[in-house]
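The tour goes stop by stop.

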Amino acid sequence: MFSLILKDILISKKILLLTAASLIVWVPTFRNFAAVGIMAGMTYMGMIIASSADETNKADILLNSLPLKRHEIVLAKYLSIFVYSAIGIAIYLLVAAATKVLGFPIYVYPINFKAVIYGILAVSFLNGIYLPLMFKFGHGFSGIMYIILIFGFSYGISYVIRLFEKLVNYDWFQNIVSFIMNQSDTVKMLFITALALIILTVSCLLSVKFYKNREF
């Protein structure tokens with residue numbers, strides 16, 4: 001399974017480096033959300049490039065001729081989400097250290113535990129939808145859907161904020177928000193982590209089912 005993850009990273013390493021260079025521009029622009037953006041961006045590019053290369057080279061036929069279980073191939077993709085996210089965090093920390101040492105006139109917001117958790121929730125949500133589509137339909141259709149998801153996620157934040165402003169007038173919504181806000185930060189982060197794991201678990205089960213029934 002480790003070799004499958006390593007294969008994907010080696011395939012997409014040049015694009016990942018270019019992506020990292022372009023995402024660095026986001027650091028001063030997106031302020032507190034820069035870490036989330038870099039994690040999502042690195043995961044997106046890693047997944048898209050590796051899946052595209054697999055489709056072009058008909059890698060699924062080769063992989064299924066090897067002594068590998070199909071669920072292991074699926075699980076490797078899901079574990080690579082965390083690897084790409086870790087690469088994104090490492091790049092963010094590198095940029096933060098470089099700007100401080102070299103004295104660049106930009107302020108890099110310090111990455112913290114909350115930003116990492118929010119980033120994990122974002123990549124879990126995006127890839128939780130993308131991967132079952134990829135294992136069901138292949139790269140072409142799912143790649144287009146992934147792009148729609150990324151843009152929808154970016155523009156959807158403002159819609160969610162407007163929806164939140166409307167819902168806050170209802171008593172039942174105020175009670176839910178009050179209950180959540182009264183919890184400690186640790187409980188809130190545990191809740192978000194559990195939500196991300198539930199999304200990934202359901203998504204992974206669907207992907208395994210789709211991939212086992214897929215013919216090559």
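Buried means under 20% relative accessible area, exposed means over 50%, and partly exposed lies in between, with a 1.4 Å probe and protein chains only. This is a predicted model, where local features need pLDDT of at least 70, side-chain atom pairs count only at pLDDT 80 or more, and totals for chains, interfaces and linings use all residues. Residues are numbered from 1 along each chain as its sequence is written, and side-chain values use heavy atoms, with hydrogens and water left out.

**Stop 1: the whole fold.** Colour by secondary structure. The protein has 10 helices and zero strands. Helices (H or I, at least four residues) and strands (E, at least two) are DSSP runs, numbered from the N terminus. Now colour by accessibility. Of the 216 residues in the protein, 38% are buried.

**Stop 2: along H4.** Select Ala 50, which sits in helix H4. Is Ala 50 buried or exposed? Its relative accessible area is 1%, so Ala 50 is buried.

Met 45 counts as partly exposed because its relative accessibility is 21%.

Stop 3: Rolling a probe the size of a water molecule over the atoms shows where empty space is left. On a 1 Å grid over the protein atoms alone, a cavity is a set of points where a 1.4 Å probe fits but cannot get out; lining residues have an atom within 4 Å of a point. Grid points are joined across faces, edges and corners, and a volume is the space filled by probe spheres set on the points.

How many cavities of 30 Å³ or more does the structure hold? There are two. The largest cavity contains about 90 Å³ of space. Select Asp 54, Asp 60, Lys 77, Met 134 and Phe 135, which lie nearest its centre among 13 lining residues. Then show helices H4 (34-56), H5 (59-65), H6 (70-102) and H7 (113-137), each of which supplies at least two residues of this lining. H4 gives the largest share, three residues.

Colour the lining of the largest cavity by class: five residues are nonpolar, three polar and five charged. Here Ala, Val, Leu, Ile, Met, Phe, Trp, Tyr, Cys and Pro count as nonpolar, Asp, Glu, Lys and Arg as charged, and the others, Gly among them, as polar.

**Stop 4: the second largest cavity.** This one holds about 50 Å³ of space. Select Leu 4, Lys 7, Asp 8, Asp 54, Leu 63, Ile 73, Ala 76 and Lys 77 to see its lining. Helix H1 (2-11) and H6 are the elements that give two or more residues to it. By class, the lining of the second largest cavity has four nonpolar, no polar and four charged residues.

**Stop 5: a loop residue.** Go to Lys 58, in the loop between H4 and H5. Most residues other than glycine have a negative phi. Phi of Lys 58 is near 50°, a positive value. With a relative accessible area of 56%, Lys 58 is exposed.

**Stop 6: helix H9.** Finish at Met 181, in helix H9 (residues 171-181). Why does Met 181 count as exposed? Because its relative accessibility is 55%.

Technical notes. On a 1 Å grid over the protein atoms alone, a cavity is a set of points where a 1.4 Å probe fits but cannot get out, and a pocket is an open set with protein on both sides within 12 Å along at least five of seven lines; lining residues have an atom within 4 Å of a point.
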